[in-house]
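Let us take a friendly walk through a structure together. Please have a look at the picture below before reading on.

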Amino acid sequence: MKKIINKPDEVVQDMVQGLIAAYPSQLKLIPETLAIARKDAPVQGKVGLVSGGGSGHEPAHAGYIGEGMLDVAVAGEVFTSPTPDQVLEGIKAADGGKGVFLVIKNYTGDVLNFEMAAELAEAEGIEVEKVVVNDDVAVEDSSFTTGRRGIAGTVLVHKIAGAMAESGATLQEIKRVADKVVANVRSMGMALTSGTVPAAGKPSFQLAENEMEIGIGIHGEPGIERKPIASADEIATELVERILADMEIPKGQEVAVMVNGLGATPEMELYIVNKKVQQILKENGLHVYRTFVGEYMTSLEMAGCSVTVLQLDDELKTLLNAPCSAPAFRN
Amino acid sequence: MQLDVKKTIEWLQLANTKIQEKKDYLTSLDQPIGDGDHGINMARGFKEVEAKISGKDYKDISELLKDVAMTLMAKVGGASGPLFGTAFLKLSTSIKGEATIDAKQFASALDAAVTGLKQRGKAEEGEKTMIDMWAPITKLFQQEEGITADKVVDTAKMALEKTKEMKATKGRAAYFKEKSVGHQDPGAASSYYIFEALAEIWKGDSKA
């Protein structure tokens, strides 16, 4: 293992401290936790937006804290859900009297821990609503999940639900819009190489020099198929076709698209993938309203990418374009 | 059976001793069908429970069990943390204000715990989870009479053996589906030691 770290079991707290030091006017640490909050949290009269999950997916989720996006992100150990007590502290720190909305990625551990935290918060008199994101079309169940996994599409849920919350919407209005995003967003990823969990010390899986894995999860969970590596055009085609096969989008519709790097893939390659993605969407009669290319939801130093397509309507367009000042997402 | 604060602390201390002893065994159960850390996580959690409750003054069992629940959910982690946390939290809330509880009260507390586990884990009996240990034990306590410490151990042993034949449909083991058959469920196994400890504390209690 070759990593720029101090001790493997201190990577998360070291990262959290360094992140806050990078954005001292925007972020603060909730004492005795690994939960990070907007500097001005709790914002009175606004629904608090809380997300989080295992670390190793940076800039998710703390990079999405800021006006117009998340109020709090709770960091767990690498690829491990934060515990309910931590999430509870996050919920309390986000509650400005109008309740708290949770954005949870669909992994067994995340759902269990966040739902338990929600129950504890409700017992303390805080109203809580939630959405579980399951945008990955690759596999139905995996070693980490019952149902579909939540991956890069989660970032668009953060953005749109965050804009809705910033506008002063109620918990129920935010829930409606978040559900709409989840119903209309699909993603799929692929990998060339594995990441290495610091505490494990060796790569999570092995792919041969000439191999790639289609449909792999952001923790290295098995995907659909391992096969010889193909060209960027072929990879983009396979990912987009599987997404469009899963969600029929009428011709003439507007979509947002995200080409997301998994940690070790250069932007150059992401743009090469994006070129083909745009072409296929156009051939399918779809108008790309906005494009995001970069690292949004990574898997340590995994090489690979994912593609996300979100079908838009006027409401979602407005919310997607609303101002936002999170470190990893600016509008 | 009579449980008071002192006896409950003894029960959980013994449960901790057993789980520490069986740490490697529990982990070995988790390796083929999970991610191989169940023993490590449970041992860490119960060690913290022991440290938290030993020598502390509790006004009732409910308060004690709430501490146990909060410690397990914070220190076990993964999926087991919130599940064992839920079980002990439900035990705690259903016996609020009681200085001592008998088998009948314990039965209704267990029933609340099983309901909580089903809700939290979105699972039913027969899906190869810890519920397949907690539910049979609950049914035993719900019998009006004739419950003995030995019967608790017998029921727990049988329940654990039964999980071997079950096919996992929930949790990480579900991913291995058919492959999960033939293995004891790790969560049911660690629950087994919790109930075995209870039975031994009960047996050592001459008044019971």
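Let us begin with a pair of strands. In chain A, strand S8 (residues 211-214) and strand S9 (residues 225-228) pair in the antiparallel sense over four bridges. Strands, S, and helices, H, are DSSP runs (E, at least two residues, for strands; H or I, at least four, for helices), numbered from the N terminus. Two strands count as paired if DSSP finds at least two bridges between them. Within this pair, Glu213(A) stands opposite Arg226(A) of S9(A).

A word on the model itself. This is a predicted model, in which local features need pLDDT of at least 70 and side-chain atom pairs count only at pLDDT 80 or more, while totals for chains, interfaces and linings use all residues. Residues are numbered from 1 along each chain as its sequence is written, and chains are lettered from A and ligands numbered from 1 in the order in which they are written.

## Strands of chain A

S8(A) also pairs with strand S7 (residues 185-193) of chain A, and here Ala191(A) stands opposite Glu213(A). S7(A) has a further partner, strand S12 (residues 303-311) of chain A; Thr193(A) has Ala303(A) in S12(A) as its bridge partner. How many of the residues of S7(A) are buried? Nine of its nine residues are, where buried means that 20 or more other C-beta atoms, placed from the backbone, lie within 10 Å of the residue's own.

| Strand pair | Sense | Bridges |
|---|---|---|
| S7(A) and S12(A) | antiparallel | eight bridges |
| S8(A) and S9(A) | antiparallel | four bridges |
| S1(A) and S2(A) | antiparallel | three bridges |
| S7(A) and S8(A) | antiparallel | two bridges |

What holds such strands together? Strands of a sheet pair through backbone hydrogen bonds, either parallel or antiparallel.

Now find the open sheet of six strands in chain A, with the order S1-S2-S4-S3-S5-S6 and mixed pairing. Its edge strands, S1 (27-29) and S6 (128-133), each pair on one side only. From one strand to the next, the twist averages 25°.

Chain A is assigned domain 1 (8-184) and domain 2 (185-320), with bounds that come from an automatic or database domain assignment. Their centres, taken over C-alpha atoms, are 22 Å apart. Where they meet, 34 residues of domain 1 are in contact with 35 residues of domain 2; contact means that the C-beta atoms, placed from the backbone, lie within 7 Å. On the domain 1 side, helices H4 (153-166) and H5 (171-184) of chain A each give two or more residues. The largest share, eight residues, comes from H4(A).

The largest nonpolar core has 170 residues, and Ala161(A) and Trp134(B) are among those with the most contacts inside it. Such a core is a set of buried Ala, Val, Leu, Ile, Met, Phe, Trp, Tyr and Cys residues joined through C-beta atoms within 7 Å. Helix H9 (residues 186-203) of chain B supplies its largest share, 11 residues. Why does the core lie between the two domains of chain A? Both domain 1 and domain 2 give residues to the core, so it lies between them. Leaving aside neighbours within four places in sequence, Ala161(A) is in contact with residues including Leu49(A), Phe101(A) and Ile174(A).

## Chain B

The contact between the chains takes 17 residues from chain B and 14 residues from chain A. On the chain B side, helices H4 (61-75) and H5 (80-94) each supply at least two residues, and H5(B) gives the largest share, five residues.

Finally, look for Ile137(B) in helix H7 (residues 131-142) of chain B. Ile137(B) counts as buried because it has 24 C-beta neighbours inside 10 Å. Its C-alpha atom is separated by 9.7 Å from that of Tyr192(B), 55 residues apart along the chain. Beyond the neighbours within four places in sequence, the contacts of Ile137(B) include Leu110(B), Val152(B) and Phe195(B).

Terms used
Two residues are in contact if their C-beta atoms, placed from the backbone, lie within 7 Å. A residue is buried if 20 or more other C-beta atoms lie within 10 Å of its own, exposed if 12 or fewer, and partly exposed in between; C-beta atoms are placed from the backbone. Axes are lines fitted to C-alpha atoms, for helices over the stretch in contact, and angles run from 0 to 180 degrees between N-to-C directions.
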